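Subject: Structure handover

Hello,

Here is the structure we talked about. Please have it open while you read the notes below it.

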Amino acid sequence: MTFTLYNAPPSTCSQRVRFVLNAKKLPFAEVKLDLMAGDQLKPEYLALNPNGVVPTLDHDGNIVIDSSVIIEYLDEIAPEPARFTPADPVARARMRALMRFIDEMPAAAVRVPTFNLAFLPRFAGLSEDEFLAFAESKPLRKEFMLAMGRTGFPEKEMNAALDRLRRTYQRMDAEMEKSGGPWLLGKDITLADIAVMPALVRMADLGLAAMWQDLPRVARWYDAIRAHPAFAPTYYPGSLLTDRFPHLRERVKSPA
Ligand SMILES: N[C@@H](CCC(=O)N[C@@H](CS)C(=O)NCC(=O)O)C(=O)O
């Protein structure tokens with residue numbers, strides 16, 4: 001089996017897939033796209049992934065897109081040495097329901113603080129017309145870019161996104177209380193844990209880890225996933241925004 005992963009080091013969706021590939025010890029070639037330069041919008045990439053986003057997996061010539069779909073696919077075709085899907089259909093349904101929640105809530109919400117706190121300076125140099133053309137070029141994220149504008153999301157939007165993230169940590173806490181932890185669904189790590197991981201890592205990277213410090217189950221979960229053997233190879237240098245944006249390093253030293 002040969003795998004080529006089209007992805008970007010700091011992309012949260014890509015990090016899910018790298019974690020699963022690493023945990024399963026599946027060797028893979030990486031094509032690293034520069035999302036700021038617009039590599040994801042080039043015709044040759046759009047032919048693979050018409051959504052114009054990363055990640056995309058090429059497995060022996062078969063193209064699989066969307067990170068949640070890719071991690072489920074990998075778990076089906078390579079169930080050894082680590083399987084992340086419960087054998088029991090009821091538990092499996094619970095995992096999938098959580099994955100839907102994660103895609104709708106934290107995975108979407110985390111883009112707002114990410115853009116406001118990390119990426120915004122990149123747009124400051126664009127004229128209004130250049131920014132509109134940039135937004136227009138995005139098959140999946142045009143409306144998101146237009147809502148953000150060159151000056152960033154207004155405070156109301158930012159607070160709403162942070163509230164959605166806070167509700168995510170509370171939901172994680174409630175799931176672990178119910179399941180007994182230490183993972184969301186109980187004693188075994190599942191795709192749901194891997195799906196939510198990058199949102200928490202990103203929030204810590206933005207200096208906002210304090211938001212779950214009053215939830216000890218979530219704090220322990222965060223330490224446990226960072227200690228997983230697949231974590232370090234997934235978050236290789238260049239995967240964190242603080243590796244790339246010096247202004248963020250100051251924020252993390254003295255979090256808001
Ligand atoms: N649902 C998709 C979302 C993918 C996505 O939003 N990828 C982001 C990086 S995490 C991206 O490629 N953004 C490029 C852009 O907005 O132009 C998935 O999970 O694969």
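Which element gives the largest share of the lining of the largest pocket? The answer is α6, with 6 residues.

Some background before the rest. This is a predicted model, in which local features need pLDDT of at least 70 and side-chain atom pairs count only at pLDDT 80 or more, while totals for chains, interfaces and linings use all residues. Residues are numbered from 1 along each chain as its sequence is written, and side-chain values use heavy atoms, with hydrogens and water left out.

The pockets

Rolling a probe the size of a water molecule over the atoms shows where empty space is left. Here a pocket is an open set of points on a 1 Å grid over the protein atoms alone, where a 1.4 Å probe fits and protein lies on both sides within 12 Å along at least five of seven lines; lining residues have an atom within 4 Å of a point. Grid points are joined across faces, edges and corners, and a volume is the space filled by probe spheres set on the points.

The largest pocket holds about 880 Å³ of space. Its lining has 40 residues, and Ser-11, Cys-13, Leu-35, Val-54 and Arg-141 lie nearest the centre. Two or more lining residues come from each of α1, α6 (111-123), α8 (142-148) and α13 (241-244). Helices (H or I, at least four residues) and strands (E, at least two) are DSSP runs, numbered from the N terminus. By type, the lining has 22 nonpolar, 8 polar and 10 charged residues. Nonpolar means Ala, Val, Leu, Ile, Met, Phe, Trp, Tyr, Cys and Pro; charged means Asp, Glu, Lys and Arg; the others, Gly among them, are polar.

The second largest pocket has a volume of about 240 Å³. It is lined by 15 residues, with Pro-86, Ala-91, Leu-185, Asp-188 and Thr-190 nearest its centre. The elements giving two or more of them are α4 (89-104) and α9 (155-179), and α9 has the largest share, 3 residues. This lining divides into 6 nonpolar, 3 polar and 6 charged residues.

The sheet

An open sheet of 4 strands has the order β2-β1-β3-β4, with mixed pairing. Two strands pair if DSSP finds at least two bridges between them. At the edges are β2 (29-32) and β4 (62-65), each pairing on one side only. Strands β1 (residues 3-7) and β3 (residues 56-59) run antiparallel and are joined by 4 bridges. Within them, Tyr-6 stands opposite Thr-56 in β3.

Regards
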